[in-house]
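This report looks at a pocket and at the packing of helices. The chain and its model are shown first.

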Amino acid sequence: MKTIIEPFRIKSVEPLHFNTALERSQIIERAFYNPFLIHSEDVIIDLLTDSGTSAMSSKQWAGLMQGDESYACSPSFYHFENTVRRITGMEYIIPTHQGRAAENILFTLLGGKDKTVLSNTLFDTTRANIEFTGARGIDLPCPEGKIPSKPSAFKGNIDLDALQAHIKTIGPEKIPMVIMTVTNNSNGGQPVSMENIRNASLLCKQFQIPFFIDACRFAENCYFIKIREKAYATYSIEEIAREMFSYADGCTMSAKKDAFANIGGFLAMQNPDLAQKCRNLLVITEGFPTYGGLAGRDLEAIAIGLEEVLDEHYLQYRIRSIEYLAQKLMDQNIPIMQPAGGHAVYLDAKAFLPHIPVDQYPGQSLVCALYIEGGIRSVEIGSLMFGTYEVHSTSKVLIPAKLELVRLAIPRRVYTQSHIDYVAEVIIEVWNKRNTLTGYAITEEAPLLRHFTAKLKPI
Ligand code: F0G
């Protein structure tokens, strides 16, 4: 087969800024060894996130000019609403300024003390929005999802037996929602199969629990279903998406991912009463229901982006480009979450740096080393992000995360193959000197979402 090429050409470019390893070691020290605190001009290749970092198409930029900024009932809203309705089949579409605003509205209404939300794996903002209401969130990833080195087609699946057992022990009346994250971002960006979505949805129906999809990367997930789940090989991405959403009572979406927008999100649902309650909250927190925290131009960009992401040539290139990086690393026996995820490659920091104990944050050590070595910004998805403490009278002990991963998230349509070759070279350099890396200790941290602002020091 011929090389799968980028299905676009470049019309507008942004320069990269270069610096030396010595400069970078000073920069990261000033940033307290936290990549979120590094100024982005000091980064050469920015793989911190695929969120809001996409390159928009010429059509999207043209759409910005056509955005209608009327306060109420702008045509840009109806363009957005019709597109989301067509893809999701949901009746009530509520725009928000980003995904977590949708989560906040939903869980303010459905969360609260004594409530438990079950999921394949909650993303950090989703969990924080649940816990902020006094509710708890429980992740039930499938067994193969917990072993990074074991390749399997749908490692993002929820463990259906565990789901049923939890529903029975907790009691369905205390579970306001089951939420399926597609793809499963905090668990390697791994996809969820249609079969798993269908069965989880059936189980929820049986117990009358609303079933929602966290749809940030729905198109990447649909492409995996097409190529890995036999029954869907001849379906279009839109057909797969419509079937996937048909099993859900609603969804939350960050348009900063699979809608190629730099900002935006939405809530979509079938229940008119819940939609009305969400809109009531929306008006006091985000804005009038036809713009919800977004400008008319953003609504246009999202509507156009949602059409573009359904293109199979794009999705084939997208998934292949992540796999390409993963393959280069696996060729050197570098431990990664296998297979490659939909939007990112996840290094397995525990296996990469077995000499650094989890309470010295091996993932963060790797993040710092990648920055110093090659100016690559990545993010730890491990015990810095998800660790909690068991507090004793005079000390506290870290309860580590299940996995210690370092995510290299690839922004959509931004970097070329040679950028990715460079990334692989830098990782291989760090791999070759891994024995010299040391652990880190936290010196300052916030009670919620600590990884964003935590300060650290090398041990
Ligand atoms: N759900 C998932 C699965 C996400 O990955 C994110 C964001 C959100 C919800 C929240 O959306 O940022 O628009 O408020 N993930 C980004 C990331 C930040 O880097 O993975 P948001």
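Which elements each supply at least two residues of the lining of the largest pocket? They are β1 (45-46) and α2 (58-66).

## Basis of the model

The model is predicted, so that local features need pLDDT of at least 70 and side-chain atom pairs count only at pLDDT 80 or more, while totals for chains, interfaces and linings use all residues. Residues are numbered from 1 along each chain as its sequence is written, and side-chain values use heavy atoms, with hydrogens and water left out.

## The largest pocket

The lining divides into 14 nonpolar, 11 polar and 8 charged residues.

## Helix α6 with helix α7

The axes of α6 (residues 160-170) and α7 (residues 194-206) come within 11 Å and cross at roughly 15°, which makes α6 roughly parallel to α7 (angles under 35 degrees). Leu160, Leu163, Gln164 and Ile167 in α6 meet Asn196, Asn199, Ala200 and Leu203 in α7, where contact means heavy atoms within 4.5 Å. These contact residues divide into 5 nonpolar, 3 polar and no charged.

## Helix α8 with helix α9

Helices α8 (residues 218-228) and α9 (residues 237-246) pack at an angle of about 105° with their axes 9 Å apart, which makes α8 roughly perpendicular to α9 (65 to 115 degrees). The residues of this contact divide into 10 nonpolar, 1 polar and 1 charged.

Note on methods: Axes are lines fitted to C-alpha atoms, for helices over the stretch in contact, and angles run from 0 to 180 degrees between N-to-C directions. Helices (H or I, at least four residues) and strands (E, at least two) are DSSP runs, numbered from the N terminus. Angles under 35 degrees count as roughly parallel, over 145 as roughly antiparallel, 65 to 115 as roughly perpendicular and the rest as oblique. Ala, Val, Leu, Ile, Met, Phe, Trp, Tyr, Cys and Pro count as nonpolar, Asp, Glu, Lys and Arg as charged, and the others, Gly among them, as polar.
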